[in-house]
Amino acid sequence: MKTLFIVLDGLGDEEIPALNDQTPLDAAQTPNLDEWAKEGRLGVALPVFYGALPTSEEGHFALFGYDPKEYNFARGLLTASGAGIDLEEGDVALRGNFATLEDGELIDRRAGRIKDPSDLIEEINGIEIDGVEFVVKSAKEHRVGIALKGDDLSSAISDSDLHYGEGGKGYKEVEPEKDTKKSKRTADVLNKFLDKSHQILQDHSRNEDREFPANYILTRGASSLVNFPDFEEKYDKKAAAITGKTLYKQIAKLVGMDHLDVEGANGLPTTNLKGKFEKAREAILSDYDFVFVHVKATDSLAEDGNFFGKKDFIEKIDQALSVFDEYQETLVVTSDHSTCSIKGSHCQEDIPLLVWGQGGDDRSRFTEKQSEKGSLGKVDQRNLLENYIFNSEDK
Ligand code: ZN
């Protein structure tokens, strides 16, 4: 059997008074998903996470069967490789933000969300300090991917961006996190680079008229290169990914999936849903055994507190799913984590899971509540493919 694997990012939600105490999924009209729920099996996917709340990257790696803890990577790896930096063994990858420093104080951590800082990036890309080359590439808007290339480097260094982790607001010098030569050297060269780039950026003509000059770089998520086992070899399935956002494209690429581009797939509520699903159908009918489709806006609408928008968007997804009317292989619909619209953040609420094409348990609809009563029970994301999808085919 082939598997179509649809991840609706941040699908699960909390009960919302303005939706008659229903979740957006519950409140939405979803005839296609409900039909599959009636014919298929439901369950609850248990998220895997190691911080306070599950992240999208943890959720996706877990769903593909890669324990995020075992591979112990940080976001820098995804950002830098997503920005198109060619990472090699020994490099240290970071995620960076253009920010605004005024008299040594951080006044905006996104430099007013600067749109296209490519001219600024050009000025600081390729700087060399103590034998370490700093490669900087755009990761959209104020975000950059950074790679340190040189000998004796370590990813055991702290973030200079205090927004995450410690929940602080400012920035601080990068510090070694281990008492080793490599860790100290890496913190030291990075601090020198951040100072030097600050000097270059604050004098740049591009910053003259900006309310929030992009004159500093905040860094976080230091990571070394991780070689993930290839998905195809792990499961003996030829896999493709269809996504609109760089992060998910990069996750898929890191585990060796082919990425199939779709015009108008942009990760926004306006994304070309029909185009993505049509491409997925085409791929599954050709030589792919596993096709992962990622839909982002369910998560971002909830993060914006827009539960009506999330409900409407779920209805749009459901309509676009008509593309699979004649589909006859295995179909999975689930999520990486839940995103709660009132809290406006990722949350630990149950993640609905639907598996169609491998027996049924006669639930009435695809909702969080019905999922809790489904015959699949509670499924650890890390075991989903191996134990529930691929193995059940052999039974
Ligand atoms: Zn997510």
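Which residue lies over the face of Tyr-66? That would be Lys-234, at 4.9 Å from the ring centre; a charge counts as over a ring if NZ of Lys or CZ of Arg is within 6 Å of the ring centre and within 35 degrees of the ring normal.

A quick word on the ground rules. This is a predicted model, where local features need pLDDT of at least 70, side-chain atom pairs count only at pLDDT 80 or more, and totals for chains, interfaces and linings use all residues. Residues are numbered from 1 along each chain as its sequence is written, and side-chain values use heavy atoms, with hydrogens and water left out.

Now for the rings. The whole structure holds 18 aromatic pairs (rings of Phe, Tyr and Trp, the last by its six-membered ring, with centres within 6.5 Å; planes under 30 degrees apart are stacked, over 60 edge-to-face, the rest tilted). Take Phe-5 and Phe-64: their centres are 6.3 Å apart and their planes sit at 50°, so this pair is tilted. Phe-64 also pairs with Phe-292, with centres 4.9 Å apart and planes at 80°, so that one is edge-to-face. Phe-5, Phe-64 and Phe-292 belong to one aromatic cluster, which also includes Phe-231, Tyr-235, Phe-290 and Phe-390. Phe-64 is buried at 0% relative accessibility (buried means under 20% relative accessible area, exposed over 50%, partly exposed in between, with a 1.4 Å probe and protein chains only).

Finally, the sulfurs. There's one disulfide in the whole structure (a pair of cysteine sulfur atoms within 2.5 Å): Cys-340 and Cys-347, 2.1 Å apart at their sulfur atoms. The link is right-handed, with 80° about the S-S bond. Cys-340 is buried at 0% relative accessibility, and Cys-347 is buried at 3%.
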